[in-house]
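Thanks for passing this one along for a look. Here are my notes, in the order I would read them with the model open on the screen.

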Amino acid sequence: MNLMQLTAAECGRMIQNREISAVELTKAALEAVCAREKTVNSFITVDEIYAVKRAEEIQKLIDNGTLTHPLAGVPMAVKDNICTKGMLTTCGSKMLSDFIPSYTATAAAHLEKAGAILLGKTNMDEFAMGSTTETSYYGAVKNPWKKDCVPGGSSGGSCAAVAAEECLYALGSDTGGSIRQPSSFCGVTGIKPTYGTVSRYGLVAYASSMDQIGPIAKDVTDCAVILETISSYDPMDSTSIKRRDTDFTSALLDDAAGMKIGIPRDYLEEGLDGEVRKAILQAADVLKEKGAVVEEFDLGLTKYAVPAYYIIACAEASSNLARFDGVKYGYRAKSYEGLHDMYRKSRSEGFGEEVKRRILLGSFVLSAGYYDAYYLKALRTRTLLKQEFDRAFARYDVILGPAAPYAAPPAGSSLGDPIQMYLGDIYTISANLVGIPGICLPCGMTEAGLPIGLQLLGDCRKEKNIIRMAYAFEQTRAYRRSPLAVSGTADHK
């Protein structure tokens, strides 16, 4: 039996039933990493010694009945912008290439308490700024389905690691679709929860009003279990919310009866690839057959979401990244003359091109002469967009659409045209602007053999609606969990 072809929940049950051990499963994961990393490049850091030692400790706690969590003993990975005590956390950057945190992020700590086995930290776009995971200081990540295509971003390393069966699940972060879009490109499942549901404490900030940590796994069940584990109120995070409805696994129901689903007409218009449109509409028909009512409707202001998002996100990024100046921590230039020259050279040498571009844009829209013209208008647009979604959710339980306008594009095709790359986020960024939850799961394949992702959006604190619809859809299809089922190797062409 190839253990890495199983889901996290399946492996967890087998460990609890003493059919396999946490050590056996962890060694299988490490062997997979060793075999595929030269092709995929989904990890920045892998700590084999720590992982095996941790698995041995966890197995003892399972054997004596102390640990009974469904994820106990299951190996996983964490995106490299989520702090882990004693383990390198680089944000995919030269700036933090030697940063080792003195504490663990709250979300990762919850998994640690549950008995998860951390294999290492996954590759990502530098400081989570990118949609292809090609801006990493540690090299681009390859899509396991087709190595000359991108895996999406910025959580492309986490999604590629799950798709290539190097780990059973992973944590990612989502600021404008950075979990959902790469989940679509890599054929895995990912959830961006309601803003504030998962603590941001220990997540290196990009855009603080939109960043959220979420799970990436092989199916909806795994994502629900993981999200249930990492959700909590955290006094260390001022944006954390108190909830009593985080029993997300209770929504794993194969039933869509009585649910109302809306499809924005704007999402199906020009710019959407024909194969993606066909797969999305077929998914809607499946849910209709399962008892849901499906209607098309007009969702206003969609075209303004992209500029509003990038103005706000870059403005917050320019503020958040001001701390990386080579003084307390981060890269410091080797030669400089005086304090200001040290700042200038350290930031010029420590940041990549995409990060510099967004810092410059953010500084521009926050400047005295342009603050009202750009930043305040973007904030007003954000409020109007929230009102549009409120009106939509007064009529519908779930909004259905694509996660990306196309399947994974060829490597290198997006970096030369940043505007086109930004427009590729058009279906995902609204959820971050208004703070609502979203899930992406596979719903088809292109003729070229690349996955297509279905996105379901719910109202604030209504993750159970999207989990229920995603689970109901998932039960109707036979799907390939990874490219290895097709090619036998992650080097599939």
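The points below go from the sheet and its helices to the cavities and a few single residues.

1. **Ground rules.** This is a predicted model, in which local features need pLDDT of at least 70 and side-chain atom pairs count only at pLDDT 80 or more, while totals for chains, interfaces and linings use all residues. Residues are numbered from 1 along each chain as its sequence is written, and side-chain values use heavy atoms, with hydrogens and water left out.

2. **The sheet.** Start with the open sheet of 11 strands, whose order is S1-S3-S2-S4-S6-S5-S10-S11-S9-S7-S8, with mixed pairing. Strand S1 (43–46) and strand S8 (293–297) are at the edges with a single partner strand each, so one side of each has no neighbour in the sheet. From one strand to the next, the twist averages 30 degrees. Strands (E, at least two residues) and helices (H or I, at least four) are DSSP runs numbered from the N terminus, and two strands pair if DSSP finds at least two bridges between them.

3. **Strand S5 and its partners.** S5 (residues 189–192) runs antiparallel to S6 (residues 212–217), joined by 2 bridges; Thr189 has Ala217 as its bridge partner in S6. With S10 (residues 438–445) there are 3 bridges, again antiparallel, and here Ile191 is partnered by Ile439. S5 is covered on both faces: Thr189 and Ile191 on one side, and Gly190 and Lys192 on the other, are all buried. Buried means under 20% relative accessible area, exposed over 50%, and partly exposed in between, with a 1.4 Å probe and protein chains only.

4. **Helices over the sheet.** Helix H3 (residues 48–63) lies across S1 and strand S3 (117–122), at about 155 degrees to S3. Helix H5 (residues 156–163) lies across S1, S2, S3, S4 and S6, at about 155 degrees to S4. Axes are lines fitted to C-alpha atoms, for helices over the stretch in contact, and angles run from 0 to 180 degrees between N-to-C directions; contact means heavy atoms within 4.5 Å.

5. **Lys121.** This lysine lies in strand S3. Is Lys121 buried or exposed? Lys121 counts as buried because its relative accessibility is 0%. Among the residues that Lys121 touches, leaving out those up to four places away in sequence, are Phe43, Ile44, Val78, Asp80 and Met87.

6. **Cavities.** The whole structure holds 3 cavities of 30 Å³ or more. A cavity is a set of points, on a 1 Å grid over the protein atoms alone, where a 1.4 Å probe fits but cannot get out; lining residues have an atom within 4 Å of a point. The largest has a volume of about 80 Å³, and among its 14 lining residues, Gly130, Ser131, Ser178, Tyr309 and Asp425 lie nearest its centre.

7. **Backbone spots to check.** Gly153 and Ser154 are joined by a cis peptide bond, with omega about 5 degrees; Ser154 is in the loop between S3 and H5. Ala128 is also placed in the loop between S3 and H5, and has a positive phi of about 65 degrees although it is not a glycine. Ala128 is buried, at 5% relative accessible area. Arg18 likewise has a positive phi, near 65 degrees, and counts as partly exposed at 44% relative accessibility.

Definitions and conventions:
1 Å grid on protein atoms, 1.4 Å probe; cavity = no way out; pocket = protein on both sides within 12 Å on 5 of 7 lines; lining within 4 Å. Points joined across faces, edges and corners; volume = space filled by probe spheres on them.
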